[in-house]
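Here are my notes on this one, in numbered points. Have a look at the model alongside them.

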Amino acid sequence: MSNIPDAAAATDVLARSLTERKTARQERWRLLRRRPGFLVGVFIVAFWVFCAIVGDRITPYDPFTDRDSDCGLRPPCPPSGAHWFGTDQIGRDILSRVMMGARDLLLVAPIAAVLAVITGSILGMVMGYYRGWVDNILSRVVEAFLALPVVMVGILVLTLSRESSLLKAISFDSRNILIIYVVALLFTPIVARTVRSTVLGERDLDYVVSAKLRGESNLFIMTREILPNISGPIIVELTVRIGYSIFTVATLSFLGVGIQRPSPDWGLAISESRDLLNADQWWPVTFPALAIATLVIAVNLIADSIQAVYER
Amino acid sequence: MWRYVVKRVLLSIVTLWLLATIVFVMTWALPSDSARLILGAQAPEASVEAFRVKFGLNDGFFAQYGRLLKGLVTFDFGVSWKYPTQEVWPYLAKPLEKTAKLAVLAMIITAPISVGAGLLAAKFRDRKLDRGIVLVGLAASSIPEFVTGALLAVGLGLKLDLFEPVYSTRAEELSIIGQLPYLMLPALALALAYFGYIARMMRAGTIRALDSDYVRTATMKGLSSSQVMRRHVLRNAAAPTITVMSVQIGYLVSGIIGVEVVFNYPGFSRVLLDAAVDGDLPVLQVAVIVSALIYMVATLIADLVIAWLNPRARLDLASA
């Protein structure tokens with residue numbers, strides 16, 4: 001009998017906290033839409049995503065076909081009416097290649113970031129929740145990992161696996177999957193560290209203590225109690241990580257160990273034509289470089305805005 | 001203070017051991033056929049096998065792992081597999097020196113400008129100047145270094161003809177001043193990347209200090225604003241900035257790779273990439289471990305400098 005009002009009150013509290021969460025979400029969204037940096041960022045990213053999806057259906061030329069040089073010289077031909085961005089060293093239209101150049105990058109980098117945030121969050125929650133020797137050992141390993149320069153370990157793993165008998169059968173498409181795994185592995189420790197310190201701030205709060213007193217399992221407390229409460233920092237971490245992931249994948253491709261030919265990837269294009277700078281031929285390097293610059297700035301503008309709104 | 005120093009150094013050694021283990025396990029788990037790669041596809045199987053025996057490629061996990069650890073302790077890593085007349089450490093030290101030259105030049109350019117920009121931004125908080133500095137900083141630090149380098153080479157190198165767009169070994173016969181036109185663009189590319197991080201930290205640290213009680217007290221006590229700045233704000237804003245700068249020194253080694261490749265600069269990146277392609281494992285492992293070591297030493301020094309600058313941090317450290 002006396003149970004009934006209690007239950008009603010409990011449902012009421014639950015309903016109220018759910019609506020609070022909803023209004024908080026709406027409020028954040030409203031604030032986000034007001035930030036010019038966010039809007040500019042979304043617009044630029046949407047543009048590149050559109051180009052990547054539509055690809056060679058809208059490019060003026062076929063991005064993969066070598067063409068006879070239109071300028072009457074040996075390619076590369078400088079920008080002209082026919083080729084706005086000029087052609088590259090084997091006569092392919094640079095505008096077409098730049099438009100399609102985000103396809104692999106925008107697939108590989110975000111997936112790697114998402115994967116890193118998932119594994120890093122699991123690791124970080126376990127470390128922060130259990131503490132003790134699990135945390136001590138894992139924290140040391142995380143710290144050791146963080147001291148390793150990301151790009152160097154990327155070079156090491158990607159070149160060794162290129163020649164490895166273990167992965168010798170790897171074709172072009174699964175190369176991208178390998179990059180995803182490597183970048184995800186490299187970013188997992190830093191995500192784990194962030195999530196761990198957030199969980200440390202939560203684990204002694206009343207709602208966790210009362211869940212423990214209720215006799216909930218550790219798994220339930222981690223996934224159903226703590227996780228919803230740290231979703232903010234995790235979302236921020238994800239957007240920041242996507243930015244770094246694009247940065248890293250582009251750098252690895254430029255160094256020749258990332259995305260491979262014949263992809264029109266921007267980093268790869270810069271590495272293939274950087275020697276032309278010696279011959280005063282600036283366009284094959286400049287346009288892919290500008291494309292990378294716009295994309296990473298846009299992603300960072302979005303990440304920055306989301307961070308500002310969540311940490312208000 | 002001394003207890004803290006000893007503790008930090010001991011922990012660093014543990015971290016060094018762990019990261020050496022990580023690097024070793026990675027090279028072990030991805031067995032590339034180094035002997036075949038180095039000797040070439042045409043080499044007879046007998047000489048490839050002789051190579052494997054000579055350098056202990058057929059040894060078990062612990063034998064090879066032990067050799068690496070022993071090398072770390074004695075600082076004698078044996079010889080390069082690709083160039084057996086070269087010992088690993090001197091072979092790496094020369095290019096590392098060249099890389100350090102670039103890094104130092106980049107820091108000399110970037111440190112005063114970034115600290116100044118951060119202070120200005122904090123002083124004119126939320127005004128146009130602040131917004132501008134923050135935006136430039138965000139852009140500068142989010143663009144990969146090799147992209148900044150490529151754009152600088154085109155803009156300042158080819159179009160404006162201010163500096164040499166590509167490094168040339170001819171520069172090495174010149175005096176340090178004569179080398180500057182060759183070093184300037186790669187150093188600028190790095191400097192721009194660090195500008196963003198340093199200016200942002202300096203701005204945040206200064207704003208925190210400006211809003212604090214002790215600055216208000218100092219102002220009300222009648223100190224002039226320049227005295228408040230020097231004695232109270234700068235000292236407190238310096239700590240996070242020094243941390244960031246030290247972390248950047250570590251990243252310098254990583255970010256510098258792309259820049260060196262863009263400008264054809266014969267630094268650390270070239271030996272690293274060559275060793276990776278050839279499967280020259282001793283050189284590769286030591287190169288990665290040494291760059292991690294540089295990062296660790298830089299952060300350690302930064303923490304000690306902060307402790308020395310700020311008595312409160314010293315207290316926190318003693319209890320840590």
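How many residues does helix H9 of chain A have, and what does it reach from its first C-alpha to its last?

1. Helix H9 (residues 218–229) of chain A has twelve residues and reaches 16 Å, close to the 16 Å expected at 1.5 Å a residue (that is 1.5 Å times one less than the number of residues). Helices here are DSSP runs of H or I, at least four residues, and strands are runs of E, at least two, numbered from the N terminus. Keep in mind that this is a predicted model, where local features need pLDDT of at least 70, side-chain atom pairs count only at pLDDT 80 or more, and totals for chains, interfaces and linings use all residues. Residues are numbered from 1 along each chain as written, and chains are lettered from A and ligands numbered from 1 in written order.

2. A:Ile221, A:Met222 and A:Ile226 are the buried residues of H9(A) (20 or more other C-beta atoms within 10 Å of the residue's own, C-beta atoms being placed from the backbone; exposed is 12 or fewer, partly exposed in between). Seen down the axis, they fall within an arc of 95°, so they line one face of the helix (the arc is that of the directions from the helix axis to the C-beta atoms). On the other side, A:Leu219, A:Phe220, A:Arg224 and A:Pro228 are exposed.

3. Chain B comes to 13 helices and zero strands. Of its 320 residues, 42% count as buried.

4. As for the interface, 43 residues of chain B are in contact with 43 of chain A (C-beta atoms, placed from the backbone, within 7 Å). Among the chain B elements giving two or more residues to that side are helix H1 (2–29) and helix H10 (225–263).

Terms used: Two residues are in contact if their C-beta atoms, placed from the backbone, lie within 7 Å.
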